[in-house]
Amino acid sequence: MVERVIGGNLPRKGEFTMTNPVPMTEIWRGPFLESVHLGHAVICDDTGQIVRSWGDPNARIYPRSSAKMIQALPLLSSGAAAKYGLNSEHMALACASHNGAAIHTDRVSAWLDHLGLGDDDFRCGPQEPADIEARNGLILDHKSPCQMHNNCSGKHAGFLTLTQHMDAGTEYIDIDHPVQQACLAAFEETAGETSPGYGIDGCSAPNFATSLTGLARSMAWFASAADRSDRQSAAAEQLTAAMIKHPELVAGEGRACTELMRAMNGKVAIKTGAEAVFIAIIPEKRMGVALKIADGTTRASECAIAAILVELGVLDADHPATRKYMNAPILNRRNVDCGVIKPAAGFL
């Protein structure tokens, strides 16, 4: 990602450095500890205060795709979603990092058709689908992946919808474009802090930097949206409900986001982001969680977020989905149990 600033001077050297991470996830092989993943995490309540933290709560991070529900807020609060008749499936896709399966691309394609647009109007770039059936289908048909296969195509369909609503220019990923300025305003409002700058994400959209506490505060703001009556909060409540209702659209089969949301029976919305970021929105507790593994390893963030959700009492430690990511056996290619991935000693 390319570091840039929204205005003013460039960030000082070391400003994005994360200090004092703590052990969160351990990898054991046989009787020996083989690897340890360090990280940071924050839980905030509906007042924006820290309930609990690990490592450095002021760690400056890029939220990456964990912040897609924030980027989707202007789509709803502007009236664009209602104007174009978007439903909960569209909202879930706007928050998604999907597998590129047919259930994702068919819906994105129909969304573009509804707007009178096509794949060339996207600015996210093509991506090979993670879904094996979709990937094999492209190979058998001698086709290349298109931009609809990009895991962020739902978010970009939302950007295009807002662009049409605003009657704005086609380059909706530019930092000065009204769509991205609306995203920045939503990000800073919900995080309760000014973003120090941005980087260019894998899908070419700006990704605004924040403190880990700011991200957790934003998720707590989403979690407590039902307590407020303003348009922005109503949008947040709808987006959270859409993620919980359609976990298969937010990620896909075999993915932690989908499987753990199903395991929590509609209680919690969770979302991963690249480089081992994870968030949770917990409406019944009016709490938000933000987590970042320092070395960027996804297996560690999946284990750590599961452990925190278990600790908060919203995820069953013995649920099969939980056991896939936390206290999970490490199997070799002959399906022999060789070790375990589990929360670090003393983490919780």
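Q: Let's begin with histidine 177: which residues is it in contact with, leaving aside neighbours within four places in sequence?
A: Histidine 177 is in contact with Thr163, Ala168, Gly169, Glu171 and Tyr172. Contact here means heavy atoms within 4.5 Å.

Q: Where does histidine 177 sit?
A: Histidine 177 is in the loop between helix 7 (153-166) and helix 8 (178-191). Helices (H or I, at least four residues) and strands (E, at least two) are DSSP runs, numbered from the N terminus.

Q: Is histidine 177 buried or exposed?
A: Histidine 177 counts as buried because its relative accessible area is 7%. The cut-offs are under 20% for buried, over 50% for exposed and partly exposed in between, with a 1.4 Å probe and protein chains only.

Q: Before we go on, what sort of model is this, and how are things counted?
A: This is a predicted model, in which local features need pLDDT of at least 70, side-chain atom pairs count only at pLDDT 80 or more, and totals for chains, interfaces and linings use all residues. Residues are numbered from 1 along each chain as its sequence is written, and side-chain values use heavy atoms, with hydrogens and water left out.

Q: Good to know. How many helices and strands does the protein have?
A: The protein has 14 helices and 12 strands.

Q: And what about its overall dimensions?
A: The C-alpha trace spans about 60 × 50 × 40 Å along its principal axes. The radius of gyration is 19 Å, which agrees with the value near 20 Å that a compact globule of 348 residues would have. That radius is taken over C-alpha atoms, and the globule rule is 2.2 Å times the number of residues to the power 0.38.

Q: What share of the residues counts as buried?
A: Of the 348 residues, 54% count as buried. Also, among contacts between residues at least 6 apart in sequence, 64% join residues at least 24 apart.

Q: Let's zoom in on helix 12. Is it mostly covered or mostly open?
A: Helix 12 (residues 256-263) is mostly covered, with 7 of its 8 residues buried. Those buried residues are Ala256, Cys257, Thr258, Glu259, Leu260, Met261 and Ala263.

Q: What do they pack against?
A: The buried residues of helix 12 pack against helix 10 (231-245), helix 11 (247-250), strand 8 (269-273), strand 9 (277-282), helix 13 (298-311) and helix 14 (320-325).

Q: Which way do they point?
A: Ala269, Lys271 and Gly273 point one way from strand 8, while Ile270 and Thr272 point the other way. In a regular strand the side chains alternate between the two faces of the sheet.

Q: How does strand 8 pair with strand 9?
A: Strand 8 and strand 9 pair in the antiparallel sense over 5 bridges; two strands pair if DSSP finds at least two bridges between them. Alanine 269 stands opposite isoleucine 281 in strand 9.

Q: What's in the turn?
A: This hairpin has 3 residues between the strands, and glutamate 275 takes a positive phi near 60° there. Most residues other than glycine have a negative phi, and most peptide bonds are trans. Glutamate 275 is partly exposed, with a relative accessible area of 43%.

Q: Last topic: what happens with strand 1 and strand 2?
A: Strand 1 (residues 22-29) and strand 2 (residues 32-44) pair in the antiparallel sense over 7 bridges. They form a hairpin with 2 residues between them, and glycine 30 in the turn has a positive phi of about 60°. Tryptophan 28 stands opposite leucine 33 in strand 2.

Q: Which residue is the bridge partner of threonine 25 in strand 12?
A: The bridge partner of threonine 25 is proline 343. Strand 1 and strand 12 (residues 337-343) pair in the antiparallel sense over 5 bridges.
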